[in-house]
Amino acid sequence: MDFGISEEQQMFFDTAYAFGQEHIAPFAYDWEAAGAIPRSVLEGAAELGFAALYVPEDQGGTGLSRLDATLIFEALSAACPSVAAFLSIHNMCTNMVAKYGTDQAKDEWLPKLISMEKIAAYCLTEPGSGSDAAALRTKAEKTDAGYALTGNKAFISGGGFADLYVVMCRTGEAGPKGISTALVPDGATGLSFGALEKKMGWKAQPTAQVQMDNCEIPAHNLLGDEGKGFKYAMEGLDGGRLNIAACALGAAQSALDMALAYVGERKAFGKTLDQFQALQFKLAEMEIELQASRVFLRQAAWKLDNAQHDASKHCAMAKKFVTEAASRVANEALQLHGGYGYLEDYKVEKIVRDLRVHQILEGTSEVMNLITARTLLAE
Ligand code: FAD
Ligand code: 2MC
């Protein structure tokens, strides 16, 4: 058993951290205000291989493991969790295209997704079905040329901004077995978008409904087999949940680092704040939460990399544990800054706002409990 990371993995972390600090962190608040991430930055991340992290090298991807990817997302998130998570969703979609796309779809999309000349969005949630994802109603009806999709997807990260929508849709019976996954390119007839959602955090990412009204796509845009789309969607989310947790961890770590610096400088009652044992203990609790999160997350990633039978359960447990711990740590870091923590200038408030949604999207904490309990009871 080896709890360390290799020199190469440390290099992945350092490269991502340096990229984030140089190209993302200084602009994070500006991009919040603009409500969008510049495409040039995403392309810069892609040049480092961050758009196709676990797509095999023989398909043009970076060929890294899930564990490697968690290191990269943890490091990028120190700059901005919203930008890092946007890259994670793109990676999830790119990998689904690489794994299940037809040759024609791969030829058309994969190189451009890998370079991030084209951006992909993941469309599972609907206005009437979020946690109960298998109840989705977007219909894909067979046509002479392929399929016509009708239905609405809610809360789509990159909605109206992305170039390719990976859409889970119903081609058959009710429930998970009637679901397929289809690629809907921007510009397809019948494709439109709702207004940009106004959010508490993740403001740099546009979030919008994706609306399809008899939206026609060619048959080769179906991923894999009809009826297996729910499985593909869930497989994608196993890795996605690790990344969402890694993003929470990286941002919470930077909140702790800011708090450590602050309490060493700020004085009250004649001494710096770090002299108060009550606050020292608070810092200790934060450190324990993050160290435990890191080990638990990396173990879950290792399980997914090694196709362990309980990998999905561990991805779910890690997502819940790490995202909740990270939010607690970020909130305590804000508290340690006193009133200044509430001001934008100190940057902790953004982390608190951004991390809240990590307990909701890619499966809520309650759904992570559901997955954990079901597996536990079946074991
Ligand atoms: P609901 O499913 O209605 O849940 C409401 C509450 O009930 C929650 O607390 C939930 O945990 C609880 N609950 C539900 N069922 C159970 C149960 N069986 N037992 C116990 N508690 C339960 N989706 C996408 O497909 N693609 C995206 O790119 C995307 N991006 C998002 C970005 C943002 C900023 C947000 C906020 C959401 C995004 N989502 C996206 C949607 C997200 O995945 C859903 O919001 C989430 O899965 C929860 O679904 P819901 O909002 O419909 O809540
Ligand atoms: N990997 C592979 N297959 C899986 C799987 C996984 N991780 N999880 C489930 N499946 C299969 C499962 O084996 C079953 O197939 P079979 O009958 O052949 O064995 C099928 O999928 C149906 O599974 P369930 O019976 O468990 O399905 P159920 O309807 O009970 O729901 C649940 C499962 C609640 C776990 C799922 O609906 C879920 O994850 N809900 C949360 C939705 C979610 O996470 N949304 C995130 C949207 S994306 C987002 O937010 C972004 C920001 C991008």
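In this predicted model, the buried residues of helix H4 are Arg-66, Leu-67, Asp-68, Ala-69, Thr-70, Leu-71, Ile-72, Phe-73, Glu-74, Ala-75, Leu-76 and Ser-77. Helix H4 is accordingly mostly covered, with 12 of its 12 residues buried. The helix spans residues 66-77, and the distance from its first C-alpha to its last is 16 Å, which is close to the 16 Å expected at 1.5 Å a residue. Among the elements that cover the buried residues of H4 are helix H1 (7-24) and helix H5 (81-100), together with helix H7 (229-265) and helix H8 (277-305).

The domain assignment divides the chain into domain 1 (7-115), domain 2 (120-227) and domain 3 (230-378). The centres of domain 1 and domain 2, taken over C-alpha atoms, are separated by 22 Å, and contact between these two domains involves 23 residues of domain 1 and 21 residues of domain 2. On the side of domain 1 that touches domain 2, two or more residues are given by each of helix H2 (28-34), H5 and helix H6 (103-115). Of these elements, H5 gives the most to that side, with 10 residues. By class, the side of domain 1 that touches domain 2 consists of 15 nonpolar, 7 polar and 1 charged residues.

Two ligands were then considered in turn. Ligand 1 is surrounded by 23 residues, of which the closest are Gly-130, Ser-131, Ser-157, Thr-364 and Glu-366. Strand S1 (120-123), strand S3 (146-157) and helix H11 (365-378) are the elements that give two or more residues to this shell. By class, the shell around ligand 1 comprises 13 nonpolar, 7 polar and 3 charged residues. Because domain 2 (120-227) and domain 3 (230-378) both give residues to the shell, ligand 1 lies between them.

Around ligand 2 there are 22 residues, and those that come nearest are Ala-134, Pro-176, Met-234, Leu-361 and Gly-363. Helices H7 and H11 each supply at least two residues of this shell, and H7 gives the most to it, with 6 residues. The shell around ligand 2 has, by class, 13 nonpolar, 5 polar and 4 charged residues. Ligand 2 lies between domain 2 (120-227) and domain 3 (230-378), because both of these domains give residues to the shell around it.

Methods:
Residues are numbered from 1 along each chain as its sequence is written. Chains are lettered from A and ligands numbered from 1 in the order in which they are written. This is a predicted model: local features need pLDDT of at least 70, side-chain atom pairs count only at pLDDT 80 or more; totals for chains, interfaces and linings use all residues. A residue is near a molecule or strand if its C-beta atom, placed from the backbone, lies within 6 Å of it. Helices (H or I, at least four residues) and strands (E, at least two) are DSSP runs, numbered from the N terminus. Ala, Val, Leu, Ile, Met, Phe, Trp, Tyr, Cys and Pro count as nonpolar, Asp, Glu, Lys and Arg as charged, and the others, Gly among them, as polar. Domain bounds come from an automatic or database domain assignment. The expected span of a helix is 1.5 Å times one less than its number of residues. A residue is buried if 20 or more other C-beta atoms lie within 10 Å of its own, exposed if 12 or fewer, and partly exposed in between; C-beta atoms are placed from the backbone. Two residues are in contact if their C-beta atoms, placed from the backbone, lie within 7 Å.
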